[in-house]
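Please open the structure in your viewer and keep the selection tool at hand.

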Amino acid sequence: MPLENKELVNLYRTMLTIRRFEERVSKEFFDGNVRGYVHLYIGEEAIATGVCANLLLTDRIVSHHRGHGHCIAKGADIRLMMAEIFGKKTGYCKGKGGSMHIADFGVGMLGANGIVGAGLPIACGAATAAQLEGKNGVAAVFFGDGGVHEGEFHEAMNLASIWKLPLIFVCENNFYAVNTPSKYAIAIDEIYKRAAAYSMPGMVVDGNDVVAVHQAAREMVKQAREGGGPSFLEARTYRWHGHFESRMSTDSRPPEELAAWKKKCPVEAMERKLLAAGVLTEAQLKEMNSQILGRIEEAVKFAKDSPFPAPEDALEDVYST
Amino acid sequence: MREITYRQAGNEAIIEEFRRNKKTVHMSADLPADLRQEFGEARIRVTPVSESAMVGAAIGLAGSGYRTVANIRMATFGFVAMDQFMNQAAKITYMFGGQARFPILYRMTNGLGSSAAAQHSINPYSMFMNVPGLKILLPSTPYDVKGLLKTALRDDNPVISFEHMGLGGVKGAVPEEDYTIPFGQADIKRKGTDVTVVALSKMVHDVLAVAEELSKEGISVEVIDPRTLVPLDRETIRKSVAKTGRLVAVDEACQTCGAAAEILSLVVEDTKTFERLRAPTKRVCGLDVPVPFSPLMEQYVVPDREKITAAIREVMAYQGK
Ligand SMILES: Cc1ncc(C[n+]2csc(CCOP(=O)(O)OP(=O)(O)O)c2C)c(N)n1
Ligand SMILES: [Mg+2]
């Protein structure tokens with residue numbers, strides 16, 4: 001079933017929001033307003049967007065270190081995200097997490113995660129909860145091509161399969177783990193083929209085509225909701241920025257490779273599609289863009305105007321009371 | 001009052017709390033037949049031998065509203081899941097700014113004494129004490145294990161209960177009616193006036209036997225069982241030492257950076273208590289070697305009644321300058 005125009009516009013809006021949000025985060029980083037490890041998702045927006053568009057507010061996701069896109073796609077508040085990235089008291093985690101640990105349990109975003117592969121077992125728990133709730137809920141977990149080499153990946157894939165968990169494994173294959181090519185790191189030729197070892201359907205999709213991602217994920221989510229168990233989606237894409245924002249770039253990927261992928265920009269591709277199909281006009285696109293920029297400006301203002309936590313706030317929240 | 005074993009008492013705690021609260025899940029690698037029979041397959045889950053998946057899934061379940069028990073069995077197996085314990089369970093409450101609760105009970109057996117050799121014999125609680133965010137139980141009697149586990153099952157934090165493998169068959173009085181034991185409340189297992197002995201886990205029983213023997217010589221030993229290492233009842237220990245002026249800490253774990261060191265520190269760093277000391281504080285701990293297999297060696301590397309007695313005599317004999 002083809003997507004309705006309204007849905008296509010929503011996909012585009014989400015991708016563009018992620019793109020503009022992260023462009024701004026990058027600027028704020030190099031302006032010296034943001035510290036620490038900031039892993040940007042620019043170039044990969046179609047994956048989080050396409051997958052999460054199939055999820056309900058009550059469905060849950062678990063993300064990884066490159067998590068801003070997943071947060072936005074699942075419906076997190078960009079003001080609270082920005083404030084967290086700035087280390088402010090008003091942020092999602094009161095400044096205790098930063099870019100790598102944004103979570104919003106209220107929208108089913110169970111956290112970005114700084115440890116490669118660690119989100120997968122946690123997602124198994126979220127999916128088990130969905131199964132126990134018996135309301136056809138599902139969970140999705142995002143990880144990179146590097147994540148598939150952790151033991152936790154294999155334990156989680158196997159567990160999800162034998163328990164028939166309603167869980168979608170989404171591998172964001174951007175072809176590198178930092179600078180290590182995924183082709184080098186994997187013993188078989190294709191990542192998605194690993195799914196077969198766990199008796200779950202696995203497929204590969206163009207991760208820069210939001211509609212293709214959406215469609216692939218839709219089938220998987222449907223199967224999971226109907227009790228058919230987990231699936232594995234490998235979405236191929238490319239990261240435009242260095243592994244994380246840094247003045248001392250150690251990016252050793254070939255520049256021509258990046259240039260070629262930039263021509264396959266997921267946001268622009270969707271934009272062209274919407275224009276060609278007459279879903280949106282140039283003027284409407286412009287309007288949407290400035291609306292998004294306005295929201296981001298507001299988020300940055302909120303972050304900048306917010307106070308830092310007091311030093312002794314560091315002692316709070318070690319335990320729930 | 002009726003007497004039941006330590007093992008039964010722990011089991012009763014789980015059963016009673018699972019009856020009280022339907023949103024509870026149990027995971028273990030072997031089937032607990034009695035639990036399965038009463039609570040069914042959905043809640044009583046058997047995992048493959050996948051400790052990371054189990055420990056992590058407990059986090060995802062808890063973060064999704066299900067109170068979860070994960071029985072790891074031997075603490076050495078828990079090391080396989082160290083990422084999930086140390087990077088995830090211990091930190092999620094804090095890292096996410098306290099926005100979600102993680103009611104989890106992890107159970108592991110600790111200790112040695114049955115020629116299980118190094119990979120099945122360990123007392124690793126001080127490692128976990130050093131990573132804030134986990135609560136740590138060290139029950140030594142049937143009464144304590146039931147009361148502490150029941151409290152754990154009403155607490156909203158990740159809790160690890162280390163249950164000594166040598167205690168499973170030990171019998172003790174346990175009331176039929178519902179009770180809980182607050183965390184952070186040490187139990188004075190025997191009152192005394194000459195020397196305070198803080199004993200951990202199974203050592204409580206050895207120290208009590210020694211105290212009984214020494215009482216025949218007129219040495220009055222006060223035996224304190226902290227019962228929970230996190231939170232630790234500093235007050236009760238300091239108060240006792242202020243009274244007796246002497247402290248011996250007895251722990252089966254290796255000595256270096258162990259819980260016994262922490263117990264000595266909290267006494268000597270407190271000026272008021274320090275000023276009451278009449279002798280140097282002493283530790284009787286496991287020797288700093290991996291646990292050997294052959295029985296004579298195994299017995300040699302852990303505290304026994306002889307070593308405990310010698311340490312108490314030594315602090316009693318101390319005359320100063
Ligand atoms: C267990 C662990 N090992 C190493 C790292 C350091 N590290 C952070 S991201 C990363 C690469 C991950 O690559 P991938 O999973 O492909 O994700 P990508 O960064 O490409 O999105 C590494 C090695 C880590 N955070 N955790
Ligand atoms: Mg990668």
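**Stop 1: A pair of charged side chains in chain B**

Select B:Glu222 and B:Lys243, whose side chains meet in a salt bridge with 2.7 Å from N to O. The model is a predicted one. B:Glu222 belongs to strand β11 (residues 221–225) of chain B and B:Lys243 to helix α10 (residues 234–244) of chain B, so this pair ties together parts that are 21 residues apart in sequence. Are the two residues buried or exposed? B:Glu222 is buried, as its relative accessible area is 1%, whereas B:Lys243 is partly exposed at 41%.

Next, select B:Arg2, B:Glu12, B:Glu16, B:Glu17, B:Arg20, B:Lys146, B:Lys150, B:Arg154, B:Glu176 and B:Asp178 together; salt bridges that share partners join these residues into one network. Side chains of opposite charge can pair when their charged atoms come close. Over all chains, a search of the whole structure finds 49 salt bridges.

**Stop 2: Two pairs in chain A**

Move to chain A and select A:Glu23 with A:Arg20, a salt bridge in which the closest N and O atoms are 3.0 Å apart. Both residues lie in helix α1 (residues 5–30) of chain A, and because they are 3 residues apart there, about one helical turn separates them. A:Glu23 counts as partly exposed, with 35% relative accessibility.

Now select A:Asp317 and A:Lys94, which form a salt bridge with the closest N and O atoms 3.1 Å apart. A:Asp317 is in the segment after α12 (282–305) of chain A, while A:Lys94 is in the loop between α4 (78–85) and α5 (119–133) of chain A; the pair therefore ties together parts that are 223 residues apart in sequence. A:Asp317 counts as buried at 16% relative accessibility, and A:Lys94 as partly exposed at 34%.

**Stop 3: The two domains of chain B**

Return to chain B and colour domain 1 (3–173) and domain 2 (187–317) separately. Their centres, taken over C-alpha atoms, are separated by 26 Å. In chain B, 28 residues of domain 1 are in contact with 25 residues of domain 2. How much area is buried between these domains? The area is about 2,200 Å², and carbon and sulfur atoms give 62% of it. Select B:Leu112, B:Met129 and B:Leu138: they supply 26% of the area that domain 1 buries against domain 2, more than any other three residues.

The count of salt bridges between the two domains is 2. For a salt bridge within chain B, select B:Arg227 and B:Asp144, whose closest N and O atoms are 3.2 Å apart.

**Stop 4: Where chain B meets chain A**

Finally, display both chains. Here 40 residues of chain B are in contact with 41 residues of chain A. The area buried between the chains is about 3,200 Å², of which 59% comes from carbon and sulfur atoms. Select B:Arg45, B:Tyr94 and B:Phe96, which supply 20% of the area that chain B buries against chain A, more than any other three residues.

How many salt bridges does the rule find across this interface? The number is 0, while 19 residue pairs are in polar contact between the chains, both residues being at pLDDT 80 or more. Which element gives the most residues to the side of chain B that touches chain A? Select α3(B), which gives 9 residues. By class, this side of chain B has 18 nonpolar, 16 polar and 6 charged residues.

Conventions: Residues numbered from 1 in each chain as written. Chains lettered and ligands numbered in written order. Predicted model: local features only at pLDDT ≥ 70, side-chain atom pairs only at ≥ 80, totals over all residues. Heavy atoms only, no water. Domains from an automatic or database assignment. Contact = heavy atoms within 4.5 Å. Buried area = accessible area lost by both parts, 1.4 Å probe. Salt bridge = Lys/Arg side-chain N within 4 Å of Asp/Glu carboxyl O. Helix = DSSP H or I, 4+ residues; strand = E, 2+ residues; numbered from the N terminus. Buried < 20%, exposed > 50% of the residue type's maximum accessible area, 1.4 Å probe, protein only. Polar contact = N/O pair within 3.5 Å; in protein donor to acceptor, adjacent residues only side chain to side chain. Nonpolar A, V, L, I, M, F, W, Y, C, P; charged D, E, K, R; others polar.
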